[in-house]
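Subject: Structure handover

Hello,

The structure for you to look over is placed below. My notes on what was found in it follow directly after.

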Amino acid sequence: MKRVVYSMEPVGRTGGRVYLRMLHEVTADDVEWRTVPDHKRTYRVRRWRKLRHLARLAPSIRALHGTTGTFVWDDLSLLLFTPEMRARTVFLLHHYEPLQHDSAPIEAMLWERLFRVLPQCAAVVCVAPYWADQLRARGVRNVQVIYNAFDMAEVEQARGYDRAECRAEFGLPPDVIGVYAGKAVHWKGTEEVSAALAGVPGLRVITSGSNTIGLDSAHYDVERERYLRLLRACDVGVFLPRMREGWSRGAAEALLLGLPCLIRPVAGLGDLAALAGQPVPDLRRLPAQVRQRAETRPTEAKAAYEALARFDLNYFGDAWGNLLAQVT
């Protein structure tokens, strides 16, 4: 008989939604997942978005008060749970970044309240050691790290794409270094990369995602397969986040596809950069650094790949399977 686990609906393209969707998929044989809608990204107006989400979600949470089963939750609506429900909850924290608040000043108070109730949960999972340490410093002791994981069959398929064909598909001549700067969204640092490399001969900045910042670059908002072909076409990755992220899936995927990277070691990206042996970017000499990284020896790229390839679906399924077995 399958165990029943409740979560938010894993809809969307953010790293957190990808993580939750992967969790649903790898545990599908053992878990009956029941979901409630995630309203946060359905509002066109960003201001007060999370408060509207909580108000709209409250009846759905109340309807769960009398249920049995386990919860895997990654949302402020944990505050609407009863203490008894929290005792059956694994809370998933990717990162906490006040830059992303849309309901200030109330949102900061809600997060502080959340941190105070996290010790009531059966367990708390983070995707990087940095965030586990941050929670322990706040008095949350039952914390463990389960990293982002990757479908290595998909990765190997992408590594096998003909690179010349991918470069031609995205208009990259042989004498141009394609610099992948990540998602063109707020606080990812793509503007800094673009400005530092603007007008430099032989370099082209490439971004992906929804381009919420209106960046004027070679930008592609494409589906999954073309996104992997885009990464395969590029030569170097540069990641300069201003915000404290978890364990950047985009940067890790770039490394897995063979791109040497420059990574600003902020929060979880510091853990990723250290694990994969990637140096820190310096805006004052970024063009020279990019050219140097484009000449990275194959042995270094192989070492970065091997450091990350062990976080495959088997690792992810085993880690979460063991945890859910303990708390149900």
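Arg159 lies over the face of Tyr305, at 4.1 Å from the ring centre. A charge counts as over a ring if NZ of Lys or CZ of Arg is within 6 Å of the ring centre and within 35 degrees of the ring normal. Arg47 is placed likewise over the face of Trp48, 3.9 Å from the ring centre. This is a predicted model, in which local features need pLDDT of at least 70 and side-chain atom pairs count only at pLDDT 80 or more, while totals for chains, interfaces and linings use all residues. Residues are numbered from 1 along each chain as its sequence is written, and side-chain values use heavy atoms, with hydrogens and water left out.

Tyr305 belongs to the buried residues of helix α13, together with Ala304, Ala307, Leu308 and Ala309. Buried means under 20% relative accessible area, exposed over 50%, and partly exposed in between (1.4 Å probe, protein chains only). Helices (H or I, at least four residues) and strands (E, at least two) are DSSP runs, numbered from the N terminus. Helix α13 covers residues 298-309, and its end C-alpha atoms are 16 Å apart, which agrees with the 16 Å that its 12 residues should span at 1.5 Å a residue. The expected span is 1.5 Å times one less than the number of residues. The buried residues of α13 pack against α6 (152-159), α10 (249-256) and α11 (268-276); contact here means heavy atoms within 4.5 Å.

Helix α11 has Gly268, Leu269, Gly270, Leu272, Ala273 and Ala276 buried. Those residues pack against α5 (129-137), β10 (236-239), α10, β11 (261-263) and α13. Just after α11, Gly277 takes a positive phi of about 65 degrees.

On backbone geometry, most residues other than glycine have a negative phi, and most peptide bonds are trans. Trp48, not a glycine, has a positive phi of about 70 degrees. Trp48 lies in the loop between β2 (31-36) and α2 and is partly exposed, with a relative accessible area of 31%. Asn211 is not a glycine either, and its phi is positive at about 50 degrees; the residue sits in the loop between β8 (203-208) and β9 (218-220). The peptide bond from Ala104 to Pro105 is cis, with omega near 5 degrees, and Pro105 is in the loop between β4 (89-93) and α4 (106-117).

The protein chain is divided into domain 1 (3-149 + 312-327) and domain 2 (152-310), with bounds from an automatic or database domain assignment. Their C-alpha centres lie 29 Å apart. The contact between them takes 24 residues from domain 1 and 19 residues from domain 2.

The largest nonpolar core has 93 residues, and those with the most contacts inside it are Trp73, Leu118 and Trp320. It draws at least three residues from each of domain 1 and domain 2. Such a core is a set of buried Ala, Val, Leu, Ile, Met, Phe, Trp, Tyr and Cys residues joined through side-chain atoms within 4.5 Å. Not counting residues up to four places away in sequence, Leu118 touches Leu78, Phe91, Val124, Leu135, Val140 and Asn142. A second, separate core of 14 residues includes Ile177, Ala181, Val193 and Val200.

There are 18 aromatic pairs in the structure. Rings of Phe, Tyr and Trp (its six-membered ring) pair if their centres lie within 6.5 Å; planes under 30 degrees apart count as stacked, over 60 as edge-to-face and the rest as tilted. Phe71 is buried at 0% relative accessible area, and Trp73 is buried at 0% as well. Tyr147, Phe150, Trp247, Phe311 and Tyr315 form one aromatic cluster.

Tyr161, in the loop between α6 and α7 (163-169), has a relative accessible area of 12%. Leaving aside neighbours within four places in sequence, Tyr161 is in contact with Cys166, Glu225, Leu228, Arg229 and Arg232. Tyr161 and Arg229 are 68 residues apart in sequence and 7.2 Å apart in space, C-alpha to C-alpha. Arg49, in helix α2 (residues 49-63), is buried with a relative accessible area of 17%. With the neighbours within four places again left aside, Arg49 is in contact with Lys40, Arg41, Tyr43, Asp102 and Ser103.

Regards
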